Amino acid sequence: MTHKGRIVSAVALTTLTLGLTACNDGEDAASAQDSPSASAPASSDPGSKSPSADPSDDAAAPAGDDVAAPGTKFKIGDRAVLPFKYGTNKKGTVAVTVTAIEKGAEADMAPFGDKAKGMTPYYIRMKVENVGGTDLSYASLRLRGKLAGGGPTGVILVGDLPGKCDSETAPRDFTTKGASYETCSLSATKTDPIAVASFEEGDAYSDSPVLWTN
């Protein structure tokens, strides 16, 4: 399921926001603001809201599936069990396995227009599993890319690149324990390579994310 794309680029304390379709239909709109701001990921489900996680009110993980504490570090390929909340009525426990952080080509960013020149995309590929067995159908989970030292990239992308990095929502049957799907989160940088995937949903994890590194 594809989403419309935008770029928020924090450069010289100025936020540049670009709105356009991922198909590069030419209907570009750009605006500059005086201070940086973050945009929530777009969703194809009009009734959904941006996800957040709060360990205190999510469904408990089954025995043997210990929830990763904020700040835990994993290697690419490791499975992390995490509390997850989406919108106001969907919450539970999921397991996320980051399978790869792939470097794309600058040319791949063409659908985002001129504002993306000089940016190198990175594709964070992952498997998401329903551990708690609660109804998380159509929920959307996103990981953010970070530089090798854990610093921000300075660029926030909203959307995906069809055929290269497709941001999928959970399928309709993502309601039972063991259900799973695969998705991709798109990140980009103009500076150092992206080498870290970061889970930052919910207050506890926004302050101290769960990280995956090579």
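**Reading a cavity and its rings**

Analyst: Let's start with F174, which counts as buried because its relative accessibility is 2%; buried means under 20% relative accessible area, exposed over 50%, partly exposed in between (1.4 Å probe, protein chains only). This is a predicted model, where local features need pLDDT of at least 70 and side-chain atom pairs pLDDT 80 or more, while totals for chains, interfaces and linings use all residues. Residues are numbered from 1 along each chain as its sequence is written, and side-chain values use heavy atoms, leaving out hydrogens and water.

User: Which rings pair with their planes at 90°?

Analyst: Rings of Phe, Tyr and Trp (its six-membered ring) pair if their centres lie within 6.5 Å; planes under 30 degrees apart are stacked, over 60 edge-to-face, the rest tilted. The structure holds four aromatic pairs. In one of them, F174 and Y181 have ring centres 5.1 Å apart and planes at 90°, so they are edge-to-face. Y181 is buried too, at 10% relative accessible area.

User: Where is empty space left?

Analyst: Rolling a probe the size of a water molecule over the atoms shows that. On a 1 Å grid over the protein atoms alone, a cavity is a set of points where a 1.4 Å probe fits but cannot get out; lining residues have an atom within 4 Å of a point. Here there is one cavity of 30 Å³ or more, and the largest cavity has a volume of about 40 Å³, meaning the space filled by probe spheres set on the points, which are joined across faces, edges and corners. Its lining includes F84, F174 and Y181.

Conventions: 1 Å grid on protein atoms, 1.4 Å probe; cavity = no way out; pocket = protein on both sides within 12 Å on 5 of 7 lines; lining within 4 Å.
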